Amino acid sequence: MEIDRDTLLLMLRRMWMIRNFELKVMEVHSAGEFAGAAHPYIGEEAVAVGACAALEDTDYITGNHRSHGHPIAKGGRVDKAMAELYGRVDGYCKGKGGSMHLADYSIGILGESGILGSSVPVAVGAALAAHIRGDKFVSMAFFGDGASNQGALHESMNLASVWKLPVIFLCENNQYAVTTSYADTVAVDHVSDRASAYNMPGMLVDGQDAVAMYEATSAAVARARAGEGPTLIEGLTYRFEEHSLGLGRVARGAYRDEAEIAEWRKRDPLDILENTLISQGIATREECDAINAETVDEVEKATDFARNSPFPEPEDLFEDMWANPIPLP
Amino acid sequence: MAQTVFLEAINQAIQEEMRRDESVFILGEDIRRAIYGATADLLSEFGEKRVLDTPLSEEGFFGAAIGASLVGMRPVVETLTSFMWVAMDQLISQAAKMRYMFGGQATLPVVFRASMFYGAGSAAHHSDRSYPMFMNMPGIKIIVPSNPADMKGLLKTAIRDDDPTIVFEDGTLFGMRGEVPDNADLPGEELLVPFGEAKVFREGTDCTIVAIGGAVNHAIATADQLAAEGISVEVIDPRTLVPFDKQTVLESVEKTGRLVIADPAHKVCSAASEIASIVAEEGFWSLTAPIQKVASEQVHIPYTPSLEKHVYPDVPKITAAVKRTMEG
Ligand SMILES: Cc1ncc(C[n+]2csc(CCOP(=O)(O)OP(=O)(O)O)c2C)c(N)n1
Ligand SMILES: [Mg+2]
């Protein structure tokens with residue numbers, strides 16, 4: 001499959017944006033600049049970026065608690081994302097959602113869910129609207145290997161398949177749900193094997209390779225837009241950091257061995273994409289480094305933006321509850 | 001008496017009951033490595049068959065616990081209040097209803113331990129204080145401990161009780177230290193707190209505060225501050241909402257004539273609402289002032305600390321409510 005240079009460079013930019021955003025989040029979170037959980041996406045950037053590069057702004061996504069990567073991959077703004085983590089009025093959700101609940105309805109990001117599996121039927125619903133109205137958009141639900149065991153996932157896949165809905169089920173299989181190994185909790189070898197039970201294609205993809213993710217997702221999107229129904233894609237990947245910031249202190253006992261982590265770190269998705277670009281003469285080392293440096297800058301500006309944005313005022317507590325407000329009880 | 005942290009009290013209760021009764025087992029997500037702290041060291045002592053890490057499938061494993069309880073096991077499920085939504089059908093259609101629907105044949109000694117993580121920037125999806133919703137549904141006993149000793153004693157009672165129980169573990173109390181009696185000093189050498197017996201933390205004559213879970217400490221602080229102003233406040237913790245010790249509350253209101261209820265749940269149809277209605281129905285003639293509910297605002301829990309801090313009952317709000325009852 002031919003991928004144009006702009007798309008490849010956009011993917012590299014978004015992957016560096018996520019990486020540098022997450023590094024900054026780890027830094028400021030440990031400095032105590034904001035509280036609350038935050039789940040780093042470091043190591044998994046190619047999955048969301050490759051997948052979202054196959055989407056248009058008019059397509060929809062939903063996601064989960066590991067929620068910074070999806071919106072950035074879909075073209076979301078890092079300043080509004082960072083301000084949300086800081087709980088400020090200029091954040092994506094005016095400080096009401098926080099790290100696990102980023103959303104940008106202007107570019108089809110319907111919202112990240114802290115309750116796992118919960119946002120997958122929602123993505124199916126967006127696809128249902130496209131199906132009923134004859135619109136050409138598709139929707140994509142991001143979920144983890146852990147969440148793939150939720151009943152909602154299985155109900156959604158069956159429903160989407162019988163109605164031939166334009167939805168892509170995108171499993172980020174980083175092989176662990178907090179401390180629980182995928183091998184101990186999923187009865188099949190691969191999450192994508194489950195597709196056959198719902199009579200849809202299941203694709204197992206190298207989730208460290210953004211190009212592979214892009215190609216697989218493009219095929220699923222084409223199928224969805226053609227009215228042929230859903231696809232289950234499993235991006236096999238690995239989370240390089242702790243499950244969530246601060247968790248390392250509380251979990252008792254190691255659940256991943258150092259050798260395994262080191263092995264996966266050798267397959268850094270940024271190295272893999274840069275090597276592809278450089279070896280194929282699409283970009284130079286300098287161009288790649290410049291993209292990295294630009295995103296470092298942008299994240300730095302976003303952090304200043306967040307720090308300088310005010311906190312919501314007490315009366316904002318009651319805003320945004322209803323479309324047609326009702327009196328307080 | 002030993003000073004014990006709330007989380008350790010949970011751990012002790014489970015450990016003692018698992019030692020005492022082989023039919024007790026525990027299941028939940030990431031409990032072997034005790035990510036929430038309450039299940040520390042259980043795996044090494046009791047092994048993999050009695051300490052089960054489940055797939056991320058609440059509806060499935062809640063139901064499995066219910067089924068195991070029907071045939072003689074005593075499962076303890078670890079979860080968060082907010083994850084119970086995923087498994088509501090099992091909790092309501094099965095756990096709450098089976099015994100009655102099957103004419104008393106079914107016995108369900110199953111315990112759901114649900115942490116309530118509110119007040120710490122966890123946002124709307126992780127901050128539920130949902131006990132009132134379960135009070136509305138007959139069939140489940142509802143426990144909300146406010147200190148380490150009650151936590152331990154009530155959880156042990158819950159594990160031995162033959163009915164389905166949800167123990168709402170208030171996350172704002174996880175680090176709280178309190179005195180937990182040593183077993184050797186107790187009758188029967190163990191700490192068992194009976195259901196349906198409220199505890200009076202402060203005696204007073206001017207106003208009664210009934211407080212729930214994490215609000216109990218705020219109520220006690222309020223009472224102590226108001227004592228300095230010459231206002232004598234009685235503080236009652238019902239400890240279990242189902243069954244509810246209405247006698248203790250009614251007798252207190254008879255004495256004080258005033259009632260404030262402090263409840264971290266949302267205000268509408270809260271535990272506070274139910275307690276207010278009981279006193280309005282059965283204690284009306286004792287009242288000398290309108291009942292005051294101090295509960296959470298009727299909005300979802302916002303992430304940002306600048307808003308979240310305004311949501312819940314706290315000492316200033318409870319103090320103001322007591323003073324309103326003293327006006328006129
Ligand atoms: C319904 C529900 N149950 C439990 C949790 C607690 N929890 C948060 S993250 C997590 C593990 C998720 O694993 P996975 O789906 O593989 O995503 P990953 O964190 O690996 O990206 C769990 C169990 C939750 N948020 N929602
Ligand atoms: Mg995972």
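Tutor: Let's start with a sorting rule: Ala, Val, Leu, Ile, Met, Phe, Trp, Tyr, Cys and Pro count as nonpolar, Asp, Glu, Lys and Arg as charged, and the others, Gly among them, as polar. In this predicted model, the shell around ligand 1 divides into nine nonpolar, eight polar and four charged residues.

Student: Where does ligand 1 lie, and which residues come nearest?

Tutor: A residue is near a molecule if one of its heavy atoms lies within 4 Å of it. Ligand 1 sits between chains A and B. It has 21 residues around it, and His65(A), Arg66(A), Gly114(A), Tyr176(A) and Glu58(B) come nearest.

Student: Which atom of ligand 1 does Gly114(A) meet?

Tutor: Think of polar contacts: pairs of N or O atoms within 3.5 Å; within protein, one must be able to donate a hydrogen and the other to accept it, and residues adjacent in sequence count only if both atoms are side-chain atoms. Here a polar backbone atom of Gly114(A) is 2.7 Å from a nitrogen atom of ligand 1. A polar side-chain atom of His65(A) lies 2.7 Å from an oxygen atom of the ligand, and a backbone N or O atom of Tyr176(A) is 2.8 Å from an oxygen atom of ligand 1.

Student: How much of ligand 1 does the protein cover?

Tutor: Accessible areas come from the Shrake-Rupley method with a 1.4 Å probe; for residues, only the protein chains shown count as cover. On its own, ligand 1 has 580 Å² of accessible area, and the protein covers 96% of that.

Student: How should I read the labels and cut-offs?

Tutor: Residues are numbered from 1 along each chain as its sequence is written, while chains are lettered from A and ligands numbered from 1 in the order written. Local features need pLDDT of at least 70, side-chain atom pairs count only at pLDDT 80 or more, totals for chains, interfaces and linings use all residues, and side-chain values use heavy atoms, leaving out hydrogens and water.
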